[in-house]
Structures are given as C-alpha cells and as structure tokens.
Amino acid sequence: MSLKKSLIIIIAILAIDQISKVYIKTNFVLGESVDVFSWFKILFIENEGAAWGTKLSDLLPISDEVGKLVLTIFRLFAIVGIGYWLFDTIKKNSSKTLILAVSLIFAGALGNILDSVFYGMIFNDSYSQVATAFSSEPYGSIFHGKVVDMLYFPMIDSVWPDWVPVVGGNNFRFFEPVFNIADTAISTGVGILIVFNKKAFGESSEEAKTDKSDQE
C-alpha cells in the first residue's frame with residue numbers, strides 16, 4: 001500500500017471522527033441520548049481519562065489536572081511513535097495488511113488526541129446546555145480537553161438471576177462501553193494485527209516478488 005492510499009484512509013477516518021464529535025458536542029447536552037435501535041443508542045459522554053474512563057489521578061497521588069496533562073503528553077509521544085512505525089512500514093514496502101492496520105491505529109489515536117489537545121480551549125462545557133464552538137468561556141485550556149464519546153450498544157440490558165452467586169439481582173448490561181469513531185479505528189487496527197498476524201508481519205510484497213522470481 002502506498003503512502004497516498006494510507007493518507008486517504010487516515011484523512012477519511014479523521015474527517016468522520018471529528019465531524020461526528022463536533023456535531024454531538026454542539027447539538028447534545030452531556031448525558032443526552034437518542035435511541036437509534038433498541039440495541040444501539042447515541043449517548044453523549046466525555047472521557048477525561050484513558051481507556052474506560054480511567055484517570056491517572058485514580059492510580060497516582062496527583063490532581064485531575066496534572067493527570068490529564070500527563071496523559072495528553074503521553075498520547076503525543078505515542079502518536080509520534082505510531083507515525084514513525086507507519087512511515088517505516090510504508091518505506092519498507094511491508095504487507096498491505098500491516099500498513100492498513102497501522103494506518104487505522106494512527107488515525108484513531110490522532111483523532112482522540114485532537115480532542116485532548118484542543119477541545120478544552122474551543123468549546124464551553126456541556127453541563128445542562130449545548131456547547132458552542134470558539135466560546136468566550138471555554139471549559140479548559142490547551143492539553144486539557146475531554147474526548148467526546150457517543151456510540152453505545154447496550155445489546156443486552158437485563159438483571160442477573162437471583163441464584164447467581166455474588167452478582168445475583170444486579171444489573172447486567174452488554175455492551176457497556178461508550179466509544180467513538182477513533183476508538184473503533186484503533187480497535188479495528190489492533191484486531192487486524194491479532195487475527196491476521198501472519199499475513200501482517202509476513203514477508204513484504206517486494207520480498208515475495210523477489211522470491212517468486214528466484215524460483216522461476
């Protein structure tokens with residue numbers, strides 16, 4: 001896969017991701033939801049932490065503000081590393097599967113980083129109101145933005161039977177996490193690397209052509 005095709009994938013995912021986030025942010029109040037199907041809802045939440053909403057301040061003796069700053073800086077270093085990985089795989093003419101997977105991961109990571117870096121200084125808060133872009137009273141500052149999530153699939157929303165040990169009588173919901181397009185891209189990229197591991201990390205197309213020519 002060429003650099004041009006990789007860029008098209010990245011730009012397309014970023015565009016869909018950011019358009020959906022800006023739309024939700026400027027049309028929904030925090031916590032508002034819309035039922036698309038019984039098993040699929042649009043639910044607006046904001047993630048201040050890492051995966052599943054985990055905050056560094058929950059794990060370390062630091063404030064939420066410091067934890068958010070550290071997490072955003074870590075994400076910036078991570079995206080540089082992923083970007084180099086992508087450039088290197090394209091330069092080495094690695095398999096299309098690997099380039100596709102890394103492109104998806106890079107696009108997803110970059111999409112969430114844009115929220116973390118810029119949204120705090122662009123939007124006002126969404127508590128009991130619909131936020132506006134380029135507000136005179138932004139809810140945060142650079143590096144202190146919150147990631148917008150909205151895709152929710154509560155395919156099973158029930159209660160554990162009373163006879164089940166420990167959790168009997170408690171609510172049971174599957175699938176619980178709320179996520180966004182960027183998260184979907186990252187998960188898809190990682191899934192491709194796991195499921196198609198041999199194909200992704202096998203010989204490059206250029207090496208395959210050389211081997212085939214030698215055999216002939």
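**Salt bridges, aromatic rings and buried positions**

Lys 92 is exposed, because its relative accessible area comes to 54%, where exposed stands for over 50%, buried for under 20% and partly exposed for the range in between (1.4 Å probe, protein chains only). The structure is a predicted model, in which local features need pLDDT of at least 70 and side-chain atom pairs count only at pLDDT 80 or more, while totals for chains, interfaces and linings use all residues. Residues are numbered from 1 along each chain as its sequence is written, and side-chain values use heavy atoms, with hydrogens and water left out.

The side chain of Lys 92 meets that of Asp 88 in a salt bridge, with 3.1 Å from N to O; the term refers to a side-chain nitrogen of Lys or Arg within 4 Å of a carboxyl oxygen of Asp or Glu. Asp 88 itself counts as buried, because its relative accessibility is 19%. In total, the structure holds 7 salt bridges. Another of them is formed by Arg 173 and Asp 157, whose closest N and O atoms are 3.4 Å apart. This pair links distant parts of the chain, since Arg 173 belongs to strand E5 (residues 171–174) and Asp 157 to strand E4 (residues 156–159), 16 residues apart. Here helices (H or I, at least four residues) and strands (E, at least two) are DSSP runs, numbered from the N terminus. Arg 173 is partly exposed, with a relative accessible area of 34%, whereas Asp 157 is exposed, with a value of 52%. Elsewhere, salt bridges that share partners join Asp 17, Lys 21 and Asp 115 into one network.

Because Asp 17 and Lys 21 are 4 residues apart in helix H1, about one helical turn separates them. Asp 17 is buried, with a relative accessible area of 0%, and for Lys 21, also buried, the value is 0%. Helix H1, which covers residues 3–25, also contains Gln 18, a residue that is buried because its relative accessible area is 16%. If residues up to four places away in sequence are not counted, Gln 18 touches Gly 111, Leu 114, Asp 115 and Tyr 119, contact being taken as heavy atoms within 4.5 Å.

A further buried position is Ala 131, which counts as such because its relative accessibility is 2%. Ala 131 lies in the loop between helix H4 (96–122) and strand E3 (147–152). Although Ala 131 and Asn 27 are 104 residues apart along the chain, their C-alpha atoms are separated by 7.5 Å. With residues up to four places away in sequence left aside, the contacts of Ala 131 are Lys 25, Thr 26, Phe 123, Asn 124, Asp 125 and Ser 126.

A search of the whole structure finds 9 aromatic pairs. One of them is the stacked pair of Phe 37 and Trp 39, with 5.0 Å centre to centre and 10° between the planes. Rings of Phe, Tyr and Trp (its six-membered ring) are paired if their centres lie within 6.5 Å, and planes under 30 degrees apart count as stacked, over 60 as edge-to-face and the rest as tilted. Ring pairs link Phe 37, Trp 39, Phe 40, Phe 153, Phe 174, Phe 175 and Phe 179 into a cluster. A charged group also sits over a ring, as Lys 146 lies over the face of Tyr 139, at 5.2 Å from the ring centre; this arrangement requires NZ of Lys or CZ of Arg within 6 Å of the ring centre and within 35 degrees of the ring normal.

Phe 37 is partly exposed, with a relative accessible area of 45%, and Trp 39 is partly exposed as well, with 39%. Val 36, found in strand E1 (residues 33–37), counts as partly exposed because its relative accessibility is 38%. Val 36, Phe 37, Trp 39, Met 155, Ile 156 and Phe 174 form a nonpolar patch on the surface, with about 570 Å² of accessible area together. Patches consist of residues with over 30% relative accessible area and no salt bridge, with like charges joined within 9 Å and nonpolar side chains (Val, Leu, Ile, Met, Phe, Trp, Tyr) within 5 Å.

For the protein chain as a whole, the secondary structure comes to 7 helices and 6 strands, and buried residues make up 36% of its 216 residues. Among contacts between residues at least 6 apart in sequence, 64% join residues at least 24 apart. The chain exposes about 12700 Å², of which carbon and sulfur atoms supply 66%; such accessible areas come from the Shrake-Rupley method with a 1.4 Å probe, and for residues only the protein chains shown count as cover.
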